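Please keep the model open while reading.

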Amino acid sequence: MKNQVQLITYVDRLTAGGFSDLKALVDGPLEGVIGGVHPLPFFDPIDGADAGFDPIDHTLVDRRLGDWNDVRALSASVDIMADMIVNHVSANSPAFRDFLDKGEASGFADMFLTFGKVFPNGASEDDLLAIYRPRPGFPFTKMTFGDGSKRLIWTTFTPQQIDIDVFSQHGAAYLDAILNRFKEGGVTAIRLDAAGYAIKKPGTSSFMIPETYAFLGELADKARSLGMEVLVEIHSYYRDQIDIARKVDRVYDFALPPLVLHALFTGEAGPLAEWLKISPRNAITVLDTHDGIGVIDVGAATDGRSGLLAPAALDALVETMHERSGGESRQATGAAASNLDLYQVNCTYYDALGKRDGEYLIARALQFFAPGIPQVYYVGLLGGVNDMELLARTKVGRDINRHYYTPAEVAAALEKPVVRRLCDLARFRNTHPAFGGDFAVEQPSASRLVLSWTQGDEQASLDVDFKSITASITHKGAGGEGRFVVG
């Protein structure tokens, strides 16, 4: 994977077109800004119940975006990462529809998880309470079969997303088919989406249990044998994230977004500094994604272990985001939205900072200097604001940060001073040799942080004072010396 800034985007929501339009953007206005692209689910269909994360056919490119030839064409310009949704399929998939129609007589009956299949001897109250789910309630949906009988089907996320038995004959064959199609399509990295929920075991949380690690290890080995790196997407307690990072190719640094906000909101550099000293070095760093801004990743563990931020600081962080966004994030989060995620605030990162250009650029500089490979969400790249119209139309909280851009809007956004400076910052991150070397973090005072990269005579340093909200970058090497202000 190139050590350069990546773009994570819905193909159609950024381009109003397909893969050929995305390639034109990457090869044109974004040349030198982007070294890799993670197109969010581009499978059939892209507009299901969860914006593509409920594929009917995971091996087929939605025709509105193009085909696998278009994906391969894009891979000639940049690295391609694709989502492998290991936990579930669409309720409209042919396999599940056949199971729903024929029940146990279906050839696909082994692929899906009924309550009775997971709990053949029944379940106690403790068994059910032990199950971890990212949303309120239990992960079961009552469904009616073709013969009129009713059964409980395991649905971790929504009733439209049907969990699969990854150990079944058809479940394993399904996952193998996806990997082979990805290889043929020029994909060089995969993200295992919702992977932490893939294994169900009675009497456990059914989330990141030992059997999950074993399954992920086997799947990662298959992917590597086909020439693909593996990124695991898991929101969890920060110590668990560090442990997970030791077992996989790459993890997300989901603790970074709230810690950067906390530092900018309070002027306190300490929590961010402490995290950067221990954070996984094999990370993909983000500030924003297609989901909300996570808070569970810096909070306390369910067993009482303290988090990176104290509960009061976490509450203040969330309230400040709501305040800075003019209350818009509150309308898209929790009970106000149809997707009741327990650990995310739905808001653009630019709005979470109150549309303050200086703070936004400092936040991006911190991301680009943090250990790992930076990934920037398309709305964040364009300095996008909350889409309250889309939120009102769909009533889906995360849609506040999933704007559909027109080509004219993209062109206008790329001319905004904050976006131009962000693109310049990305080009610096992509080309300076120091970022291939060693990382160091210093905290000269309670409000100040210095992040440095060194490789031989090449050096780049970011100096941020969170009290005065000022930052600068100094660099030196074969290309000469320089200093410029961030923000």
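Contact here means heavy atoms within 4.5 Å. Helices (H or I, at least four residues) and strands (E, at least two) are DSSP runs, numbered from the N terminus. The model is a predicted one, in which local features need pLDDT of at least 70 and side-chain atom pairs count only at pLDDT 80 or more, while totals for chains, interfaces and linings use all residues. Residues are numbered from 1 along each chain as its sequence is written, and side-chain values use heavy atoms, with hydrogens and water left out.

The chain contains 19 helices and 21 strands. Its radius of gyration is 22 Å, close to the 23 Å that the globule rule gives for 487 residues, so the chain is as compact as a globular protein of that length. The radius is taken over C-alpha atoms, and the rule is 2.2 Å times the number of residues to the power 0.38. Along the principal axes, the C-alpha atoms fill a box of roughly 75 × 50 × 45 Å. Of the 487 residues, 58% count as buried, where buried means under 20% relative accessible area, exposed over 50%, and partly exposed in between (1.4 Å probe, protein chains only). Among contacts between residues at least 6 apart in sequence, 67% join residues at least 24 apart.

Two sheets deserve a separate look. Strands of a sheet pair through backbone hydrogen bonds, either parallel or antiparallel; in this description two strands pair if DSSP finds at least two bridges between them. Eight strands make a closed barrel with parallel pairing, in the order S1-S2-S5-S10-S11-S12-S13-S16. On average, neighbouring strands of this sheet are turned by 30 degrees against each other, direction ignored. Axes are lines fitted to C-alpha atoms, for helices over the stretch in contact, and angles run from 0 to 180 degrees between N-to-C directions. At residue level, Ile-85 stands opposite Asp-193 in S10.

Asp-193 is also among the contacts of His-88, together with residues including Phe-157, Gln-161, Tyr-174 and Ala-194, when neighbours within four places in sequence are left aside. His-88 is found in strand S6 (residues 88–90). Is this histidine, His-88, buried or exposed? At 1% relative accessibility, His-88 counts as buried. A polar atom of its side chain lies 2.9 Å from the backbone oxygen of Phe-53. UniProt, in an unreviewed entry, lists His-88 under "binding site"; such annotations may be inferred rather than shown by experiment.

The other sheet is open and antiparallel, with five strands in the order S17-S18-S19-S20-S21. Strands S17 (438–445) and S21 (482–486) stand at the edges with a single partner strand each, so one side of each is left without a neighbour in the sheet. Seven bridges join S19 (residues 458–465) to S20 (residues 470–476), and Gln-459 stands opposite Lys-476 in S20. Helix H11 (residues 270–278) lies across S17 and S18 (448–455), at about 155 degrees to S17. Helix H19 (residues 417–431) lies across S19, S20 and S21, at about 140 degrees to S21.

Notes:
Polar contact = N/O pair within 3.5 Å; in protein donor to acceptor, adjacent residues only side chain to side chain.
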